[in-house]
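Dear colleague,

Please find below the structure that I am handing over to you. My findings follow directly after it, and I would be grateful if you would read them with the model open.

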Amino acid sequence: MKHLHSTLAIVLLAALVIAIVITLINYAGNKPYNRKIALLGLISAHLQLVIGLVLYFTSPLGIQSFSGENMKNSLSRLYFLEHPLMMIIGIILITVGFSKAKRIVDQKKANQTVLIFYILGLILILSRIPYSTWSIFN
Ligand code: HEM
Ligand code: HEM
């Protein structure tokens, strides 16, 4: 599960960057909104959410480390609180952006909506990745 979560993190980051770049190109060129490319980012995010939740309730770095002692330690606080919370907020933003865009008829507006929500979501996600322990860097 941990290995899957580490690997899917790369897939998700790549999917979000690709979705954002293609949507930006469509926005700038007044082209129609590409729902499929946004869906790629959405599905990766939802999959990562489910795997993250499983990890959270099974890993010793998850809910089990909820304590005042671990609250004082920045790395354990990242794992049991900041990482899950920020990732969930980021994924909610991406889902809201995708769902809003689905109902927008104006193509330029649809592209703009996905751009704003996906970029905000990506920033939140990037802000709380445990880079220092991420297996691809170690
Ligand atoms: C904790 C688990 C999950 C939660 C809470 C969740 C929640 C949601 C929500 C709120 C929406 C937006 C509905 C809408 O407005 O259209 C959505 C859409 C979607 N989810 Fe999830 N999801 C979860 C897991 C998954 C998984 C595991 C997958 C598949 C890999 C998935 C694939 C999708 C897809 C494809 C859509 C878009 C449907 C469409 O085309 O509108 N989700 N999900
Ligand atoms: C945007 C989605 C997410 C990304 C990009 C992401 C990324 C990562 C990365 C890179 C790691 C480090 C893995 C390693 O040490 O190699 C990690 C660990 C972890 N993540 Fe996530 N994550 C996401 C969502 C979540 C969510 C929603 C939860 C829980 C609700 C969660 C819970 C955890 C836990 C508990 C660990 C520690 C696992 C362990 O080392 O035992 N993650 N995550």
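The largest pocket of this predicted model holds about 760 Å³ of space. It is lined by 31 residues, of which His 5, Gly 52, Leu 55, Tyr 79 and His 83 lie closest to the centre. H4 provides the largest share, with 9 residues. In terms of class, 21 of the lining residues are nonpolar, 9 are polar and 1 is charged.

The crossing of the two helices is left-handed. On the H2 side, the residues in contact are Arg 35, Ala 38, Leu 39, Leu 42, Ala 45, His 46, Leu 49 and Tyr 56. Their partners in H4 include Tyr 79, Phe 80, Ile 88, Ile 91 and Phe 98. The contact comprises 13 nonpolar, 2 polar and 2 charged residues.

A further pair is formed by H1 and helix H5 (residues 107-127), whose axes come within 9 Å and cross at roughly 150 degrees. H1 is therefore roughly antiparallel to H5, and the crossing of H1 and H5 is left-handed. H1 contributes, among others, Leu 12, Leu 16, Ile 20, Thr 23 and Tyr 27 to this contact, while the H5 residues include Lys 108, Asn 111, Leu 115, Tyr 118 and Leu 122. By class, 15 residues of the contact are nonpolar, 4 are polar and 1 is charged.

Finally, H4 and H5 pack at an angle of about 170 degrees, and their axes are 8 Å apart. These two helices are therefore also roughly antiparallel to each other. Among the H4 residues that meet H5 are Met 86, Gly 90, Leu 93, Gly 97 and Lys 100. In H5, the residues that meet H4 include Ala 110, Thr 113, Phe 117, Gly 121 and Leu 124. This contact has 15 nonpolar, 5 polar and 1 charged residues.

With kind regards

Notes
Residues are numbered from 1 along each chain as its sequence is written. Chains are lettered from A and ligands numbered from 1 in the order in which they are written. This is a predicted model: local features need pLDDT of at least 70, side-chain atom pairs count only at pLDDT 80 or more; totals for chains, interfaces and linings use all residues. Side-chain values use heavy atoms; hydrogens and water are left out. On a 1 Å grid over the protein atoms alone, a cavity is a set of points where a 1.4 Å probe fits but cannot get out, and a pocket is an open set with protein on both sides within 12 Å along at least five of seven lines; lining residues have an atom within 4 Å of a point. Grid points are joined across faces, edges and corners, and a volume is the space filled by probe spheres set on the points. Helices (H or I, at least four residues) and strands (E, at least two) are DSSP runs, numbered from the N terminus. Ala, Val, Leu, Ile, Met, Phe, Trp, Tyr, Cys and Pro count as nonpolar, Asp, Glu, Lys and Arg as charged, and the others, Gly among them, as polar. A crossing is left-handed if the near helix is turned anticlockwise from the far one by less than a right angle, and right-handed if clockwise. Contact means heavy atoms within 4.5 Å. Axes are lines fitted to C-alpha atoms, for helices over the stretch in contact, and angles run from 0 to 180 degrees between N-to-C directions. Angles under 35 degrees count as roughly parallel, over 145 as roughly antiparallel, 65 to 115 as roughly perpendicular and the rest as oblique.
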